[in-house]
Amino acid sequence: MPKRRANGEGNIRKRKDGRWEGRYTAGYHPETGKRIVKNVLGKTQAEVREKLRQAMYLSQQTDILRAEEYTAGSWLTTWYELYAEPNIRVSTARNYRLSIDRHVNPQIGDIKLTKLTGRDLQKLYKDLMENGRVRKEQKTKNPGLSSTTVRGIHLMLHNAFERAVKEQLILRNPTANCIAPKIAKKEMKILEQEHISDYLKAAEKREVLPMFFLELVSGIRKGELAALLWTDLDIGNQTISVSKQATPDAEGNIVITRPKTENSIRRISIPKEAVDLLVQEHEKYPNSKYLFPSPITGEMYHPDSIVGIHKKILRDAGLEHIRFHDLRHTFATMALQNGVDAKTVSAMLGHHDAGFTLRTYTHATRQKQEEAAEKMGDFMAQVM
């Protein structure tokens with residue numbers, strides 16, 4: 001019986017077309033037992049010898065047969081279903097699914113997993129930054145995705161291909177040498193103090209004052225706001241308990257999940273004016289379990305519907321557009337500027353620590369620093 005060639009063993013020969021070819025055994029088919037023979041080509045014997053060395057090393061470090069089953073797209077789908085979706089938040093899973101389907105697979109999904117390079121990914125990032133938007137109305141205004149979104153896609157791909165390395169499908173992670181976009185820092189927008197009254201009057205006309213008053217005195221996230229129940233309000237202690245959020249899943253259905261982080265599970269003190277408004281709101285819908293039931297369905301508001309009402313309020317009040325999330329920034333800014341300490345604001349927002357809050361709202365604390373400097377100046381003038 002002829003001796004089997006050892007796994008990874010190769011040989012070099014010169015072809016009739018003048019090129020050099022190196023052949024090697026990449027393994028054996030698990031069912032037929034036949035050798036899996038691969039080859040590399042080059043102009044010189046030395047070039048092929050180096051290519052053969054690298055290819056043989058790769059075959060010894062990776063599961064060639066399994067790796068060839070995957071394209072980049074099919075691996076991303078496998079990774080998402082087996083490793084990502086079961087272990088991440090619903091909102092993150094939804095973002096991953098949309099990123100894979102809309103942005104990644106249309107461009108690199110058909111490339112063999114073993115052939116995918118860092119250059120392929122770098123080109124992907126460039127294309128997404130320049131022309132990545134899918135919706136026509138968005139594409140007209142600004143065709144490229146934000147640096148934050150593209151960087152998020154890069155981190156997702158890094159995790160997916162790192163798992164492929166661990167499963168010996170590829171030798172190295174193709175994202176390793178990529179340059180991810182730097183996040184462009186945008187100037188934070190808030191609802192200016194002189195506009196708050198007009199905003200709330202417009203909200204009252206639309207009969208949604210309690211919801212948006214609560215938002216401005218608590219800064220809770222839109223999903224947390226939508227998921228609030230009547231039982232989350234403690235009238236005597238004047239607090240709201242935040243322990244859940246409404247989030248769209250990968251199919252667009254709203255599900256109730258735990259908040260963003262463990263720090264996001266919190267009890268927030270609110271002013272008596274907010275409590276009174278919430279009690280009045282509940283009197284309109286005494287049989288509803290929701291703090292803010294939709295007047296149309298009687299069920300929970302969809303978080304995007306709250307955003308839509310916010311846009312209408314701004315329009316009614318003749319105010320410049322700001323995002324609904326900017327109302328959260330408004331609360332934090334006003335609280336810090338009015339002397340509430342950073343640790344308290346951090347706890348109310350559900351941040352993981354006060355340091356993050358201070359870094360996020362530097363503009364607000366700058367004013368307090370200026371006031372402190374002025375007070376110290378007055379004090380020193382008195383003692384000198």
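Among contacts in the chain between residues at least 6 apart in sequence, what percentage join residues at least 24 apart? In this predicted model, the figure is 59%. The chain carries 16 helices and eight strands, and buried residues account for 40% of its 384 residues.

**A pair of helices**

| Helix | Residues |
|---|---|
| α9 | 209–218 |
| α11 | 272–284 |

The axes of these two helices come within 9 Å and cross at roughly 155 degrees. Angles over 145 degrees count as roughly antiparallel, so α9 is roughly antiparallel to α11. Their crossing is left-handed. On the α9 side, the residues that meet α11 are Leu-209, Pro-210, Phe-213, Leu-214 and Val-217. Their partners in α11 are Glu-273, Ala-274, Leu-277, Leu-278 and Glu-281.

**A loop asparagine**

Now for Asn-173, which you will find in the loop between α7 (147–166) and α8 (193–205). Is Asn-173 buried or exposed? Its relative accessible area is 6%, and buried means under 20%, so Asn-173 is buried.

Which residues does Asn-173 touch, leaving aside its neighbours within four places in sequence? They are His-158, Phe-161, Glu-162 and Val-165. With Glu-162 there is also a polar contact of 2.9 Å, joining the side chains of the two residues.

Notes:
Residues are numbered from 1 along each chain as its sequence is written. This is a predicted model: local features need pLDDT of at least 70, side-chain atom pairs count only at pLDDT 80 or more; totals for chains, interfaces and linings use all residues. Side-chain values use heavy atoms; hydrogens and water are left out. Axes are lines fitted to C-alpha atoms, for helices over the stretch in contact, and angles run from 0 to 180 degrees between N-to-C directions. Helices (H or I, at least four residues) and strands (E, at least two) are DSSP runs, numbered from the N terminus. Angles under 35 degrees count as roughly parallel, over 145 as roughly antiparallel, 65 to 115 as roughly perpendicular and the rest as oblique. A crossing is left-handed if the near helix is turned anticlockwise from the far one by less than a right angle, and right-handed if clockwise. Contact means heavy atoms within 4.5 Å. Buried means under 20% relative accessible area, exposed over 50%, partly exposed in between (1.4 Å probe, protein chains only). A polar contact is a pair of N or O atoms within 3.5 Å; within protein, one must be able to donate a hydrogen and the other to accept it, and residues adjacent in sequence count only if both atoms are side-chain atoms.
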